[in-house]
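Look at the structure first, then read on.

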Amino acid sequence: MDYKKAGVDIEAGYRSVELMKDHIKKTMRPEVLTNIGGFSGAFSMKGFQEMEKPTLVSGTDGVGTKLKLAFLLDKHDTVGIDCVAMCVNDIACAGGEPLFFLDYIACGKNVPEKIAQIVKGVAEGCVQSGAALIGGETAEMPGFYPEEEYDLAGFAVGVVDEKNLITGADLREGDVLIGIASSGVHSNGFSLVRKVFDMTKEALDVYYEELGMTLGEALIVPTRIYVKALRSVKEAGVVIKGCSHITGGGFYENIPRMLREGVRAVIEKESYPIPPIFRKLQRDGQIEEDMMYNTYNMGIGMLLAVEKEDAETTLSALEAAGESAYVVGHIEDGEKGVTLCQKK
């Protein structure tokens, strides 16, 4: 008896590392001090010494049951983008710049080519956010996961000068809420998605005119990364007073997290286009509208609060960064929370 006969292929692990090295190299930053394959990753903070109070911010998350979709479609090169996005978007919400990322892949059987595809997506997410992929772990766990399945999670660290933290403390009545468009369902609510739609390869491969693609293609679209978009707003001279990453819990759970006590967010539901995948999901699943807004991003992946006079500058900066953005509401005095209403 040996480790391989027990289900763990050490040689496959070595092969996985070799296949992923080229992808990882694309993410490197000059601050990275260690090589691929070490026991830990080292990152120099020397370049941030000019900050008055350099402050580390962090985020950790996984892809969730969206992975089931990747298994069915046998498409593994985009879920890594989801994993990175879920972490770095949270860091950006605090005003931070993502510095580095680490991933964790647990699988039933290490298939090097599949692992390399997963890491390819992770590396692409790191490139999009400017974070270096400085480490990770691939754990082969036979008997714990089915051979064809895996889990994927990650952890990111960023930095911000303490004075530039986005806290919502200065929100005032009359501030404008600007929503940045999502790319689709992102990586939340897939337990409900999988109850609504028939999760078979045949059903996912059906083309729908309203979607302009197959159902599977519409659902697997990776989470949009907003790091560079928020940076462009700051570089335009705009102070972002509040910021919310619309993830699990939708509007009702996430928007209040950016608010201080005594102010309320008012969102006009018809102020922006809702992607057709949400219309189909609601219709096919007979889901109440409030539940849709309580579960999904409904087409808005990131919400910013800015001074009214900064609204046009913010929209222009986001457009220049390649984003679709809309004025979707405002801040008013009241009990902390969110009100969804029809556009006036």
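How many nonpolar, polar and charged residues does the lining of the largest pocket have? The lining of the largest pocket has 16 nonpolar, 12 polar and 4 charged residues. Keep in mind that this is a predicted model.

**Largest pocket**
- The largest pocket holds about 810 Å³ of space.
- Its lining counts 32 residues, and Val17, Gly37, Gly136, Glu137 and Thr138 are the closest to the centre.
- At least two lining residues come from each of α1 (10-25), β2 (97-107) and β3 (132-140).
- β3 gives the largest share of this lining, with 8 residues.

**Second largest pocket**
- The volume of the second largest pocket is about 490 Å³.
- The second largest pocket has 24 lining residues, and Gly95, Val160, Asn164, Leu165 and Lys234 lie nearest its centre.
- Two or more residues of this lining come from each of β4 (150-161) and α8 (227-235).
- α8 supplies the largest share, 4 residues.
- The lining of the second largest pocket splits into 12 nonpolar, 5 polar and 7 charged residues.
- Domain 1 (3-164) and domain 2 (175-341) both contribute to the lining of the second largest pocket, so this pocket lies between them.

**Cavity**
- The model has 1 cavity of 30 Å³ or more.
- The largest cavity has a volume of about 40 Å³.
- Cys107, Lys109, Val111, Lys114, Ile115, Glu147, Glu148, Glu149 and Tyr150 line the largest cavity.
- The lining of the largest cavity has 4 nonpolar, no polar and 5 charged residues.

How values were computed:
Residues numbered from 1 in each chain as written. Predicted model: local features only at pLDDT ≥ 70, side-chain atom pairs only at ≥ 80, totals over all residues. Heavy atoms only, no water. 1 Å grid on protein atoms, 1.4 Å probe; cavity = no way out; pocket = protein on both sides within 12 Å on 5 of 7 lines; lining within 4 Å. Points joined across faces, edges and corners; volume = space filled by probe spheres on them. Nonpolar A, V, L, I, M, F, W, Y, C, P; charged D, E, K, R; others polar. Domains from an automatic or database assignment.
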